[in-house]
Amino acid sequence: MCGIIGIVGTKPVAERLIESLKRLEYRGYDSAGIAAQVDGKLVRRRAPGKLRELEAVVAADPLIAETGIGHTRWATHGAPTERNAHPHIAGRVAVVHNGIIENFAELKAELIAKGRVFSSDTDTEVVAHLIDEALNDGLDPQAAFKATLDKLRGAYALAVLVGGEREVIMGARNGPPLAVGYGDGEMFIGSDGLALGPFTNRVAYLEDGDYVIIDHNSAKIFDEAGLPAERPIKTLAAASAVMEKGNYRHFMEKEIHDQPEGCQRTIAAYVDTLSDRTAVPGGIDFAKLERIQIVGCGTAYIAGLIGKYLIEQLADLPVDVEIASEFRYREPALNSATLAIAMSQSGETADTLAALRYCQAKGMRSAGVLNTVESTIGREVDVVWPIHCGPEIGVASTKAFTAQVAVLTAVAVAAAHARGKIDGDEEKRLVRVLLEAPRLMAESIKLEEAVKAVAVEVAKARDVLYLGRGPMYPLALEGALKLKEISYIHAEGYAAGELKHGPIALVDEQTPIVILAPFDSYFEKSASNMSEVMARGGQVVFITDPDGERHAPAGARVVVTAPRCDPLIAPLVMSAPIQLLAYYVAVQKGADVDQPRNLAKSVTVE
Ligand code: M6R
């Protein structure tokens with residue numbers, strides 16, 4: 001999704017805007033631009049494509065100023081061309097925007113009727129024209145901005161420069177997040193704390209309906225009613241964290257390798273290593289719960305599905321998991337003895353946030369399994385369950401996924417004990433199993449070379465099927481999602497038991513079938529599915545463990561042998577092979593691994 005930065009500064013701004021935009025690249029974008037006032041005139045530089053294209057434009061035609069706004073655009077209305085790239089300028093006003101102005105067509109028609117001429121296909125340009133119209137009507141910049149906000153319907157985070165107001169930037173939030181950064185004689189606004197990281201770690205978050213005016217020394221925040229508002233200033237630990245790939249080629253590769261250490265941090269926050277008991281923060285009384293409702297999108301939803309298997313099996317507590325975009329409009333029947341769990345790496349996913357609010361309106365308590373705890377979901381849930389894996393930059397989620405699964409695994413054990421389904425000794429045993437996960441995940445990552453060899457073959461395929469049973473079924477979904485996202489190969493994940501109910505028709509010599517089957521209680525059935533596939537000429541990539549390898553029917557094209565582990569942590573241990581497979585297929589195909597086409601890291605609009 002689009003990224004926003006605004007700086008009222010004391011140093012050359014163009015380089016700083018681009019430095020900040022680089023920290024927003026992870027969100028996904030297809031064009032970029034910056035604007036500032038030079039000699040009293042608004043000036044902008046824009047380019048389709050990556051930030052290096054914008055850097056080249058700025059190098060050829062420098063923009064000398066100390067205050068300015070910048071934007072990475074993820075196209076919604078209009079192709080990713082220079083003319084549609086932000087900032088959009090109308091008269092004295094330059095605007096950058098993240099979100100969708102839903103009533104832009106009618107506003108545009110009214111503006112055109114007044115003689116306004118548009119130079120882009122975007123919804124955003126109406127905002128610049130509306131503010132400029134209001135200025136022409138004699139309103140001061142703040143009043144013109146507020147009058148414009150009152151006309152907008154939809155989701156937006158905005159940053160606005162007004163010609164003649166050299167040391168001021170205005171911002172507003174309705175939906176997508178906007179943070180205000182407090183510097184030393186300088187002030188900033190940006191899409192998140194990471195964007196502000198190079199300049200300050202003192203950050204306040206606007207609430208929905210807020211707007212803000214920043215100058216060199218202050219931020220004046222107003223709420224939806226236009227009344228002055230205070231928003232707490234927080235000191236962010238991670239804001240200045242350096243986002244480096246180290247020796248890795250891609251962030252995704254680094255993040256796959258980060259997982260054992262990341263999960264160690266996660267698990268350490270959910271167990272007491274002195275007593276080997278669970279220690280889930282937040283004081284949820286699992287014994288009193290009748291049900292859990294998990295909501296999320298994409299990979300976060302899939303992590304929730306794995307949680308369902310574990311929690312229901314261990315704690316005998318019913319768990320529903322639903323894609324947030326369906327849940328929010330379906331009018332599901334809920335009761336207040338249900339705990340809502342919002343799963344989200346970013347904490348900003350619009351559908352997940354809406355689903356959470358739906359649950360809260362039904363009187364349910366809520367928890368958020370989040371990476372970005374200083375996010376909208378983080379601020380709105382009753383209990384935050386942080387995943388502690390550090391900033392995830394690759395658009396394809398990897399370390400956040402395993403950290404989310406680790407949190408739900410600890411929750412499953414804690415709930416089982418609280419509900420009397422396991423005794424203290426069993427809780428201790430399971431905690432010790434969980435504590436072994438990081439070491440076994442590291443072992444699993446060592447399969448990299450073996451997986452790389454498989455990837456060369458899989459990269460030639462047009463379609464790939466992933467099959468699994470039990471918790472390996474959601475992992476099959478995740479394997480297929482990862483492959484689709486970054487290699488653009490069509491892939492589907494299925495419950496292996498569904499094979500005969502349809503997908504077996506797809507089996508031929510050209511379609512690799514990835515079967516995820518550790519030697520667990522489902523193994524024999526998965527092995528039969530493998531035989532059925534092979535009998536029809538299917539090329540099986542069998543991901544298993546040493547016992548599974550010994551008992552597998554002969555004939556799998558490739559066997560990838562992950563370390564032996566307790567079923568509790570098999571989803572964690574078996575994740576690396578499927579992530580590495582997607583990664584190396586994408587590399588083999590020369591795809592843009594960290595910023596796959598059309599995808600955004602943080603989906604802040606529906
Ligand atoms: O930030 P969130 O966890 O709420 O994001 C949810 C999905 O958009 C996300 O998991 C998406 O599916 C990833 N690109 C998966 O790799």
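Tutor: Two strands are said to pair if DSSP finds at least two bridges between them. Helices (H or I, at least four residues) and strands (E, at least two) are DSSP runs, numbered from the N terminus. This is a predicted model, in which local features need pLDDT of at least 70 and side-chain atom pairs count only at pLDDT 80 or more, while totals for chains, interfaces and linings use all residues. Residues are numbered from 1 along each chain as its sequence is written, and side-chain values use heavy atoms, with hydrogens and water left out.

Student: What makes strand β7 and β8 a pair?

Tutor: Strand β7 (residues 154-162) and β8 are joined by six bridges in the antiparallel sense; the definition asks for at least two, so the two strands pair. One of the residues involved is V160, whose bridge partner in β8 is M170.

Student: How do you know that β8 and strand β12 pair?

Tutor: Between β8 and strand β12 (residues 211-214) there are four bridges, again antiparallel. M170 has I213 as its bridge partner in β12.

Student: Why is strand β8 called largely enclosed?

Tutor: Buried means under 20% relative accessible area, exposed over 50%, and partly exposed in between (1.4 Å probe, protein chains only). Five of the six residues of strand β8 (residues 169-174) are buried, so the strand is largely enclosed by the rest of the structure.

Student: Why does K146 count as buried?

Tutor: K146, which lies in helix α5 (residues 141-149), has a relative accessibility of 17%. That value is under 20%, and therefore K146 is buried.

Student: What makes the approach of K146 to D150 a polar contact?

Tutor: A polar contact is a pair of N or O atoms within 3.5 Å; within protein, one must be able to donate a hydrogen and the other to accept it, and residues adjacent in sequence count only if both atoms are side-chain atoms. The side chains of K146 and D150 make such a contact at 2.8 Å.

Student: Which residues does K146 contact beyond its neighbours within four places in sequence?

Tutor: With contact meaning heavy atoms within 4.5 Å, they are Y211, E224 and G226.

Student: Are D276 and N598 buried or exposed?

Tutor: D276 has a relative accessible area of 14% and is therefore buried; N598, at 62%, is exposed. D276 is in the loop between β15 (271-272) and β16 (277-278), whereas N598 is found in the segment after α19 (575-588).
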